[in-house]
Amino acid sequence: MTEAELQSISRKYESFRLQDPNREKALLHSILQHGLREPLQCVHGGGSQPFILLDGFKRLRCCCKLRVHRVAVASLGTDEAACILQFLRLSVERSLNSLEQARFVDELHLHYGLTVGEIAGRLERSKAWVSVRLGMLQEMSDVVREAVFSARFPLRCYMYTLRPFTRVNGIAGTQIDRFVRCVSGKGLSTRDIDTLANGYFRGGEYLRRQIEEGNLSWTLK
């Protein structure tokens, strides 16, 4: 373990991790009171940003807000693909959800060229486990992916409301994208989004148009 300047830490995998403003707010308060209790988990590389962050993005953002200039970092190694594999093997302890796991599995498959069998073997998981996660990302459009990972659209609503619409009802991806754009970042509860989704996809053209025009409160009533 060592210390590193914040500007020496690369955030290239930040978009792979789901944001949670409430947890981040609580973490900010904790760091303000007690300091940073856990080191950031990094790949130790080279160049102007020798540390590539894999775990600790909430902590890093909090430190930036608090103007902390140096933080403790723990290196998982120097081989980026091997470090991602190690990080995934510890994903239960690190509480990665299945969608975050999918982003890293997809990176190993597409960027590093590992086959489904190779990933499964290195992670000591089944090929089905790997295939399910690759399939999850293939189902998501860029619009939906950005909204979910930025916390503007709840993961629960995507997993248990939108996915069934696309799988069972055959709703086109363009319609899913339009709906997500209409309701993302509006501060709606998961119940409200579920209600609006049923209205949008099952309530006919009139309700769909009201939602697209931004009349969300009226539609919910």
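**Close-up 1. Tyr13 and Phe16 are both buried.** Buried means under 20% relative accessible area, with a 1.4 Å probe and protein chains only. This is a predicted model, in which local features need pLDDT of at least 70, side-chain atom pairs count only at pLDDT 80 or more, and totals for chains, interfaces and linings use all residues. Residues are numbered from 1 along each chain as its sequence is written, and side-chain values use heavy atoms, without hydrogens and water.

**Close-up 2. The structure holds eight aromatic pairs.** Rings of Phe, Tyr and Trp (its six-membered ring) pair if their centres lie within 6.5 Å; planes under 30 degrees apart are stacked, over 60 edge-to-face, the rest tilted. The ring centres of Tyr13 and Phe16 are 5.1 Å apart and the planes meet at 75°, so this pair is edge-to-face. Ring pairs join Tyr13, Phe16, Phe87 and Phe104 into a cluster.

**Close-up 3. Phe179 and Phe201 form a tilted pair.** Their centres are 5.5 Å apart, with 55° between the planes. Phe179 belongs to helix α9 (residues 173–183) and Phe201 to helix α10, so the pair ties together parts 22 residues apart in sequence. Helices here are DSSP runs (H or I, at least four residues), numbered from the N terminus. Phe179 is buried, at 0% relative accessible area. Phe201 also counts as buried, at 10%.

**Close-up 4. The charged end of Arg103 sits over the ring of Phe16.** It lies 4.5 Å from the ring centre. The charged end of Arg208 sits over the ring of Tyr200, 5.6 Å from its centre. The test asks for NZ of Lys or CZ of Arg within 6 Å of the ring centre and within 35 degrees of the ring normal.

Definitions and conventions: Buried < 20%, exposed > 50% of the residue type's maximum accessible area, 1.4 Å probe, protein only. Helix = DSSP H or I, 4+ residues; strand = E, 2+ residues; numbered from the N terminus.
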